[in-house]
Amino acid sequence: MRLIIMGPPGAGKGTQAKILVEKYSIPQLSTGDILRAAIQAKTPMGLQAKEIMARGDLVPDEVVCGIVSERLDSADAKNGFILDGFPRTIAQAEELDRMMEEKGIALDAVISLDVDADALVARIKQRAEESGGTRADDNEEVLRNRLEVYGELTKPLIAYYKKQGNVKSIDGMGSIEEVTSAITDALG
Ligand code: AMP
């Protein structure tokens, strides 16, 4: 199963991706997690991404596309994967299409989690409290920017994938279990 999980910050992408990992025995490929690990390890990529992420802006397309291309080639991703947080721009989606075509693979579905804006702010605040401040981008001002960036650059991807005919729109407002079962029903 080759999946993308999309939705605004705080929609529950990471939470649902981790559950789908268990259900379908596929790895979660989170560009955000990989970038945070690079920041921790102080690699050149981490140093480049640190300030950008702290502001809630997007890391350059070439950087994240490089991460994904490498990750798609690793052994654990041969039988499927769930992309979480990628693609985030039309250019990234086009590059992903190109990469997948080159590798002779195709997406099974794009899961789009729908949640309302007030719920997002509440969820992010909760995550900030629970994580004890380990994410520099989980505060209200940066969240506002992340939501803006999402609306401007990432949301258009829903229409992009609708044209390809593989979008599953899921109501993300229920409990974690309800959202998971809506996703698994939609995947059939
Ligand atoms: P996430 O963990 O998916 O919420 O991502 C956290 C931050 O990492 C984002 O706000 C961006 O700064 C950066 N990031 C993650 N994935 C991407 C991507 N596909 N393109 C550009 N920046 C990204």
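1. A salt bridge here is a side-chain nitrogen of Lys or Arg within 4 Å of a carboxyl oxygen of Asp or Glu. By that rule the count is six. One of them pairs K103 with D73, with the closest N and O atoms 2.9 Å apart. This pair links distant parts of the chain, 30 residues apart: K103 sits in helix α5, D73 in the loop between α4 (61-72) and β3. Helices (H or I, at least four residues) and strands (E, at least two) are DSSP runs, numbered from the N terminus.

2. A word on provenance: this is a predicted model, where local features need pLDDT of at least 70, side-chain atom pairs count only at pLDDT 80 or more, and totals for chains, interfaces and linings use all residues. Residues are numbered from 1 along each chain as its sequence is written, and side-chain values use heavy atoms, with hydrogens and water left out.

3. Two other bridges sit within helices. R36 bonds to D33 at 2.9 Å between the closest N and O atoms; both are in helix α2, three residues apart, about one turn. E95 and R98 meet at 2.7 Å, N to O. In helix α5 those two are separated by about one helical turn, because they are three residues apart. Salt bridges with shared partners join E95, R98 and E102 into one network.

4. Most residues other than glycine have a negative phi, and most peptide bonds are trans. S25, in the loop between α1 (13-24) and β2 (28-30), has a positive phi of about 50°. K42 has a phi near 55° and lies in the loop between α2 (31-40) and α3 (44-55). Exposed means over 50% relative accessible area, buried under 20%, partly exposed in between (1.4 Å probe, protein chains only). S25 counts as exposed at 64%, and so does K42 at 63%.

5. Worth a look too: a cis peptide bond joins F86 and P87, with omega about -5°. P87 is in the loop between β3 (81-84) and α5 (90-103).

6. Finally, E140 lies in helix α7 (residues 140-154) and is partly exposed, at 37% relative accessible area. Leaving aside neighbours within four places in sequence, E140 is in contact (heavy atoms within 4.5 Å) with V121 and K125. E140 and A122 are 18 residues apart in sequence and 9.7 Å apart in space, C-alpha to C-alpha.
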